[in-house]
Amino acid sequence: MKIVVIVIFLVFSQFSFAQNCSCKEKPQLNEIISCEKTIFKNGAKIYYQFNCNSSWLVFESKTKKKKKLFSLDKDLIELTGRLGYTSWAEYNNTFIIENRLVSGCCDPSEFVLFNKNNGKKIANLGREIYHSNIKKYPYFVTIDSKESNFLSFLNLSTNKIFKIYLPKGRIDKTLKITSGIFSETLFEEGEIKNGIFEIEYRYKTQHNGKWLIGEIKVDLNKQVTI
């Protein structure tokens, strides 16, 4: 009798899993959507699930409590992984998720910060200039959307912020001259070498003028707190 019960349980478990990661009407979704779980260092998990009606991103705590973070309805399900919450990165006590507002080119993604223990949203971080996966320098760098005169450095392990100021009005003036929309597109790819964050950005001072290059260097060693 026990063997029968165990077999029934296993069949039911497999059926339940299949129901959350398959759609008979659209078998091609199995090639588009991966239900593989990302396991964080604290034992929490994050993964996609889907059926024929929707797809959704699940956070599962170490104690097995589940929380739906995001979902796409039936009409958008084939854009899973390209629209909305698409990728994530883990830090000491938090994780960030990339939120793609459009499925194609060329608007910058936005990012959302979550608590790694319970899956609760901490803050909308906005669009990024740069973010680091280096354990000693876990910084997320943004430029303020309303006042583009400084870069904000958020330490994703401590949630502490410091700012580096830019020449006043330089970014706003450049966007007006070039009819640009996103400040982030003016910045090149940043990097951290020996604790020094470096990044360049383009700007203009007049309509018919050439592009100029600004350079930012920040010693992160002076900002690290133990």
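Two strands pair if DSSP finds at least two bridges between them. Strands (E, at least two residues) are DSSP runs, numbered from the N terminus, as are helices (H or I, at least four residues).

The model is predicted: local features need pLDDT of at least 70, side-chain atom pairs count only at pLDDT 80 or more, and totals for chains, interfaces and linings use all residues. Residues are numbered from 1 along each chain as its sequence is written, and side-chain values use heavy atoms, leaving out hydrogens and water.

**Exercise 1. Trace the hairpins around β11.**

Step 1. Start with β10 and β11. They pair in the antiparallel sense over 5 bridges. A hairpin of 6 residues joins β10 to β11. Phenylalanine 140 has leucine 154 in β11 as its bridge partner.

Step 2. Go on to strand β12 (residues 161-165). It pairs with β11 in the antiparallel sense, over 5 bridges. Lysine 163 in β12 stands opposite serine 152.

Step 3. Look at the turn. β11 and β12 form a hairpin with 5 residues between them, and asparagine 159 in the turn has a positive phi of about 65°.

**Exercise 2. Classify two ring pairs.**

Step 1. Set the rule. Rings of Phe, Tyr and Trp (its six-membered ring) pair if their centres lie within 6.5 Å; planes under 30 degrees apart count as stacked, over 60 as edge-to-face and the rest as tilted. The structure holds 15 aromatic pairs.

Step 2. Take phenylalanine 111 and phenylalanine 140. Their centres are 5.4 Å apart and their planes at 65°, an edge-to-face pair. Phenylalanine 111 lies in strand β7 (residues 110-115) and phenylalanine 140 in strand β10 (residues 139-143), so the pair ties together parts 29 residues apart in sequence. Both phenylalanine 111 and phenylalanine 140 are buried.

Step 3. Take tyrosine 201 and tyrosine 203. With centres 5.9 Å apart and planes at 40°, the pair is tilted. Tyrosine 201 counts as buried at 3% relative accessibility. Tyrosine 203 is buried too, at 11%.

How values were computed. Buried < 20%, exposed > 50% of the residue type's maximum accessible area, 1.4 Å probe, protein only.
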